[in-house]
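Look through the sequence and the structure below.

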Amino acid sequence: MKKIAIQGAEGSNHHKVARDFYGENVQLEECLSFDKLVECLLNKTSEKAVMAIENTIAGSIIPNYALIDSNNLHISGEEYLNIHHHLMALPGQKIEEIKEVCSHPMALLQCKEFFKKHPNIRLVEDVDTAEVAKRIAKKQLKGVAAIAPKLAAEIFGLEVLEDEIQTMKDNSTRFVIIQTEKPNNGIDQINKASFKFQLDHKRGSLATILNVLSDCKMNLTKIQSLPVIESPWKYSFFVDVTFDSYKDYEKAIAIIEIMAEEFKVLGAYKNGRK
């Protein structure tokens, strides 16, 4: 059985993605940071990892692009997950008895409007949503609640006090499956790719690349720039494209490889959008 590294604890959204992608009996390696997650891959204690890369509300998780690039990791797949935040505590408690809610800063931010109706509750930033749920159950903490997926409530025996407390109901996160080895995905299954390149700081250089993508029938679904640390005012571009024909993709890659600097394919895989 493959061991999959996830950011966060059992019951987290990363756990749910791993389970959706690999099945319910997936073996997990829990990591409380993305740096630790990458370390697990490099040390070979995990074969693959699940990493959040962008969110419809918060945007790109820019440090994770840098982690994938600087550690020469490969993207072998992706999964999109609708994010649902639920307020949970020990069984038998009422929301009026809750004095403190601990959760990841992003979860607290995404539930800000709900807590305006409960000014008596103190909001405390913590490292992970599901980790808080696990701690409440283990230590039998009364008066403390967690914001976490329902999966965490099921695993740790907590009771959901309020469903769907997120402000924006249409909140989705894209996760990528990463590994150290180049993936061996079948060509007939590949219809999306991620790559990275640098360009000279010249007028029209990026437009030229975008024209190549258009001419080769590539659909640009994402472009993200990151500064090149050692070269002030120079940028790397991370691009996602979808396509119908693998031959069109090969043609686009062959041309861009000649035109751009530091070109690298991060992964070619099956589009995770349903």
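How much space lies in the largest cavity? About 80 Å³. This is a predicted model, in which local features need pLDDT of at least 70, side-chain atom pairs count only at pLDDT 80 or more, and totals for chains, interfaces and linings use all residues. Residues are numbered from 1 along each chain as its sequence is written, and side-chain values use heavy atoms, with hydrogens and water left out.

Rolling a probe the size of a water molecule over the atoms shows where empty space is left. A cavity is a set of points on a 1 Å grid over the protein atoms alone where a 1.4 Å probe fits but cannot get out; its volume is the space filled by probe spheres set on the points, which are joined across faces, edges and corners. The whole structure holds one cavity of 30 Å³ or more.

Residues that line a cavity have an atom within 4 Å of a point. Among those lining the largest cavity are Ile53, Tyr65, Arg174, Phe238 and Asp240. β14 (235–242) is one of the elements that supply at least two lining residues, and β14 gives the most, with three.

The protein chain as a whole has nine helices and 15 strands. These are DSSP runs numbered from the N terminus: helices are H or I, at least four residues, and strands are E, at least two. The C-alpha atoms fill a box of roughly 65 × 40 × 35 Å along the principal axes. Of the 274 residues, 49% are buried (under 20% relative accessible area, 1.4 Å probe, protein chains only).

Definitions and conventions: Buried < 20%, exposed > 50% of the residue type's maximum accessible area, 1.4 Å probe, protein only. 1 Å grid on protein atoms, 1.4 Å probe; cavity = no way out; pocket = protein on both sides within 12 Å on 5 of 7 lines; lining within 4 Å.
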